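Hi everyone, thanks for making time for this.

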Amino acid sequence: MKFRSVFDIIGPIMIGPSSSHTAGALRIGKVARNLFGRRPKWAHIHLYGSFAETYKGHGTDVAIVGGLLNFDTFDDRLIRSFEIAKEEGLDYAFFIEQGIPDHPNTAKIVVGDELGELEVVGISVGGGKIEIAEINGFKLKLTGDNPAIVILNNDRFGCIANVANILAKHEINIGHMEVSRKEKGKLALMVLELDENINNEIMDEIHALPNILQVARIVE
Amino acid sequence: MLFKTVRDLVELAEKENKKISHIMIEQEMLVTKKSREEIIAQMDKNLQIMENAVQKGLSGVTSHSGLTGGDAVLLQKYIEKGNHLSGDLLLQAVSMAVATNEVNAAMGMICATPTAGSAGVVPGTLFAVKNKFHPSRQEMIEFLFTAGAFGYVVANNSFISGAAGGCQAEVGSASGMASAAIVEMAGGTPRQSAHAMAITLKNMLGLVCDPVAGLVEVPCIKRNAMGAANAIVAADMALAGIESKIPCDEVIEAMFRVGKMMPSSLRETAQGGLAVTPTALKIQKEIHAGGEK
C-alpha cells in the first residue's frame, strides 16, 4: 500500500497549482536539502518526462528551489523562491533532459558547497507523494509500502549497531535495510524500511550518535 | 490494514454497523498510531483551508497567465438572477468547485483532494450539500474521511495522478470520492456510497489529461465543475436505489487498465488532446513569450 494515510488523499495543504508538479517537486527538493544537512551553495536540477515538458506552467522549478530552501508545501514564500535563493546565496541551474525515465515525473538534484556534494533522484508519484529512487548513485530498492529513513554516516565500525540499538530500544522493527559506501572509511549510507513512522525525538537521538551526519525521512 | 478494496470497506461497515468515515478514522489510528482527536483536528484544518479557498475564489481571482479566473463569480451572479436551468445545489457545487480551482491556478493555498488539479470537486460538493443538510462541523469532517476512504482504495489499486493515468485518475477519482461522501451525508447506506462511486467513475473513464500550455487551468477548472455535477447526479441515482452493474472495485480496475493504455501524450505532457489545438498552441506561444520578457 503506497498510500498509507488518509491525509495522502485529503491533503496536503499546499500552494497550487499541481500536487505532483508543485508540492511533490518541492518535497524532492526538501529531501535533498535535509540529506545535505545545510543550505547548499549551488544546485543542479535535472528534469525528466512530464516534469521536463510542463515544469514552467506548474512552477516545478520554483517549487524545487523552495524545497532546497526548506520551505513547506504551504509556505507562501514559495512563489518568490527564486528571489529568496538569490538573497540567500543559493546558485541554481536547470537542465531539461530528453531521456525517458521509468516514471513520468522524475527529478535529479545535485547540491553542493565547498565541503561536499550530494545527488538525489526523486519521483513524484501523485497527490504530492514522492519516492526517492537514488542517493549518491546508489539505487534504493524501496517498496514504498513502509516508512523509510536514510542515514548518512562516516564509514566507521559500530554505526549500524548503534542505530539498530536505538530502534530496538523504542521497539521499532526494521523490515528491510541496505548499507552502502563510496570508499572504505569515507561516506556511507544506510536505508531502513520500518514498520512504523518514527517521531522527531527518535530522529534526533539517531542524529546525536557518533559519526552520524544526517538523518532524513524518505517515505512517510 | 482494515480494508484494501471498496468491497472490504462496505462489508466492514455493514458488519460493524458503522459509517465508512468511522472505519477510515480507525484505520488512520491503526496506521499512524495517532489519537482520534489528533486525526480529527488535522482534518478540521484541511476543512478550514478548503473554506478559505472557496471564499477567496468567490471574491474573484485571476491566474498569473491571465488565462483563468472570475468564472465562479459569474456563476454566483447568474444563480442570484434565479433563471437557471439546473438546480441551486448543483450550480452552487459547480461554482464552489470552480472557485477552488481558480485559487489553485492563481498559486493560492488549497488542500489537494486527491490532487491539486482536482481539488475543487470534494469541497465544492461538500459546501453545496451543506446548505441542504445543515451538517455539524463533525459531520463535515466525516464527509472528508469518507471521501478519503474511497480515494485511498483508488490510490492503492489504481492511480490518482494525471501523469500516471490521465484526468480520469484525478477528476474521475475526486468525483467518485465526492459522490460516495454525499450519499453518506444524505443518509444513504455504505453500499449506496459504493454504487455512487462506481456510477461516477464509469462516466469519467477514458478522460485524458491535456492541459493547455501545461498549466493546471484549461480544461482542468471546467473539468472540476463537471466532476462536481457528475458526483451529485450519481449520488442522487444511487440514493434512488439504482445500482452499478459493474462493482466499484472492477470499475477502479478498469480505470487502471485504461490509464495504462493511454499514450504519454495524453498524460499531463501537454502534447495531445486539447493542448495541441490551434488555439491552445497560440496561447502557449503567447504565454511563453510573455514569461521570458
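With 22 C-beta neighbours inside 10 Å, B:Val218 counts as buried, because the cut-off for buried is 20 or more. Please keep in mind that this is a predicted model. Where is B:Val218 found? B:Val218 sits in the loop that runs between helix 10 (190-202) and helix 11 (220-239) of chain B. Leaving out residues up to four places away in sequence, B:Val218 touches B:Leu67, B:Thr68 and B:Val212. Now look for B:Met204: B:Val218 and B:Met204 are 14 residues apart in sequence, and their C-alpha atoms are 17 Å apart in space.

Let's zoom out to chain B. UniProt, in an unreviewed entry, lists residues 16-275 of chain B as "domain: Serine dehydratase-like alpha subunit". What is that span made of? Residues 16-275 of chain B are 65% helix and 1% strand, and the end C-alpha atoms lie 48 Å apart.

Next, the place where the two chains meet. Here 48 residues of chain B are in contact with 40 residues of chain A. Several elements of chain B give two or more residues to its side of this contact, among them helix 2 (20-32), helix 3 (36-58), helix 5 (88-105) and strand 1 (109-111). Which element gives the most? That is helix 7 of chain B, with 8 residues. If you sort the residues on chain B's side, you get 27 nonpolar, 17 polar and 4 charged.

The chains also share some strand pairing. Strand 1 of chain A, residues 13-15, pairs with strand 1 of chain B in the antiparallel sense, over 3 bridges. To find it on your screen, look for A:Ile13, whose bridge partner in strand 1 of chain B is B:Cys111.

For a closer look, take B:Ala147: setting aside neighbours within four places in sequence, B:Ala147 is in contact with residues including A:Ile10, B:Thr113, B:Val122 and B:Ala178.

On to chain A and its two domains. The domain assignment gives domain 1 (1-139) and domain 2 (143-220), and their C-alpha centres lie 22 Å apart. Between them, 11 residues of domain 1 of chain A are in contact with 12 residues of domain 2 of chain A. Helix 1 (19-36) and strand 6 (129-135) of chain A each supply at least two residues on the domain 1 side. That side divides into 6 nonpolar, 3 polar and 2 charged residues.

Chain A also has an open sheet of 6 strands, in the order 3-2-4-5-6-7, with mixed pairing. Its edge strands are strand 3 and strand 7 (138-139) of chain A, each pairing on one side only.

Last stop: residues 148-220 of chain A, which the UniProt annotation, from an unreviewed entry, calls "domain: ACT". This stretch is 26% helix and 42% strand, with its end C-alpha atoms 7 Å apart. Look at strand 10 (residues 187-194) of chain A: 7 of its 8 residues are buried, so strand 10 is largely enclosed by the rest of the structure. Strand 10 of chain A pairs in the antiparallel sense with strand 8 (residues 148-154) over 7 bridges, and 7 bridges also join strand 10 to strand 9 (residues 174-181) of chain A, again antiparallel. The hairpin of strands 9 and 10 of chain A has 5 residues between the strands, and there A:Gly185 takes a positive phi near 85 degrees.

That's my tour, and I'm happy to take questions.

Definitions and conventions: Residues are numbered from 1 along each chain as its sequence is written. Chains are lettered from A and ligands numbered from 1 in the order in which they are written. This is a predicted model: local features need pLDDT of at least 70, side-chain atom pairs count only at pLDDT 80 or more; totals for chains, interfaces and linings use all residues. UniProt positions are given in the numbering used here, feature names are shortened, and annotations may be inferred rather than shown by experiment. Helices (H or I, at least four residues) and strands (E, at least two) are DSSP runs, numbered from the N terminus. Two residues are in contact if their C-beta atoms, placed from the backbone, lie within 7 Å. Ala, Val, Leu, Ile, Met, Phe, Trp, Tyr, Cys and Pro count as nonpolar, Asp, Glu, Lys and Arg as charged, and the others, Gly among them, as polar. Two strands pair if DSSP finds at least two bridges between them. Domain bounds come from an automatic or database domain assignment. A residue is buried if 20 or more other C-beta atoms lie within 10 Å of its own, exposed if 12 or fewer, and partly exposed in between; C-beta atoms are placed from the backbone.
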